[in-house]
Amino acid sequence: MTNGITDRTGHEKWLIYCPQITPNTLLHLSIQGTSYALRDFTGHLIGTEYRSGAGQPFQVHDEAGRTLATTAEFERAFDFEWKVDVYDEGVALTKVDRWRDIITRRNLRLGIG
């Protein structure tokens, strides 16, 4: 994942399709150095173990329930079937409605959900 554009603080920003987490939507993935955060802006994860939906950051767990705290652990455990760099979108993570719109449109184009 280090092939993306990064800013001076080392941030990368992606939309990923990871059906192991949810087959119903793209997720927002932020990476900074060895740390990562996933976000669901569509509400598809409400009621799941990750309980996201309004862009709250979360990390995933391995099969034993241990939090995968580093980007490397996450990348080893989960395959992305699709990803797109959204660094240049320039939309703050606090703009939940805007991200929901961006992701919903991409979901429709990709036939996800």
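Which residues have the most contacts inside the largest nonpolar core? The structure is a predicted model, in which local features need pLDDT of at least 70 and side-chain atom pairs count only at pLDDT 80 or more, while totals for chains, interfaces and linings use all residues. Residues are numbered from 1 along each chain as its sequence is written, and side-chain values use heavy atoms, with hydrogens and water left out.

The largest nonpolar core consists of 16 residues, and those with the most contacts inside it are Ile16, Ile21, Leu29, Tyr36, Leu38, Val60 and Phe74. Here a nonpolar core is a set of buried Ala, Val, Leu, Ile, Met, Phe, Trp, Tyr and Cys residues joined through side-chain atoms within 4.5 Å. A residue is termed buried under 20% relative accessible area, exposed over 50%, and partly exposed in between (1.4 Å probe, protein chains only). Two or more residues of this core come from each of the elements β1 (11–17), β2 (27–32) and β3 (35–39), and β2 gives the most, with three residues. Such elements are DSSP runs numbered from the N terminus: helices are H or I runs of at least four residues, and strands are E runs of at least two.

Contact is defined as heavy atoms within 4.5 Å. With residues up to four places away in sequence not counted, Leu38 touches Ile16, Ile21, Leu27, His28, Leu29, Gln56, Pro57, Phe58, Val60 and Phe74. Another core, of 12 residues, lies apart from the largest one and includes Val91, Val96, Trp99 and Ile102.

Strand β3 is mostly covered, as four of its five residues are buried. The strands β2 and β3 pair in the antiparallel sense over five bridges, pairing being assigned if DSSP finds at least two bridges between two strands. Within this arrangement, Tyr36 in β3 is the bridge partner of Ile31. The hairpin of β2 and β3 has two residues between the strands, and Gly33 takes a positive phi near 60° there.

Thr42 is placed in the loop between β3 and α1 (71–77). The side chain of Thr42 makes a polar contact of 2.7 Å with the side chain of Asp40, and another, also given as 2.7 Å, with the side chain of His44. A polar contact is a pair of N or O atoms within 3.5 Å; within protein, one must be able to donate a hydrogen and the other to accept it, and residues adjacent in sequence count only if both atoms are side-chain atoms. Beyond its neighbours within four places in sequence, Thr42 is in contact with Thr25, Gly53, Arg100, Ile103, Thr104 and Asn107.

Six salt bridges are counted, each being a side-chain nitrogen of Lys or Arg within 4 Å of a carboxyl oxygen of Asp or Glu. One of them joins the side chains of Glu89 and Arg106 (3.4 Å, N to O). Because Glu89 lies in the loop between β4 (82–85) and α2 (96–110) and Arg106 in helix α2, this pair ties together parts that are 17 residues apart in sequence. Glu89 is partly exposed at 30% relative accessibility, whereas Arg106 counts as buried at 18%.

Asp101 and Arg98 also meet in a salt bridge through their side chains (3.4 Å, N to O). These residues are three apart in helix α2 and are therefore separated by about one helical turn. A further salt bridge links Arg66 and Asp62 (3.3 Å, N to O). Arg66 is partly exposed at 45% relative accessibility, and Asp62 is partly exposed at 23%. Salt bridges that share partners join Asp62, Arg66 and Glu73 into one network.
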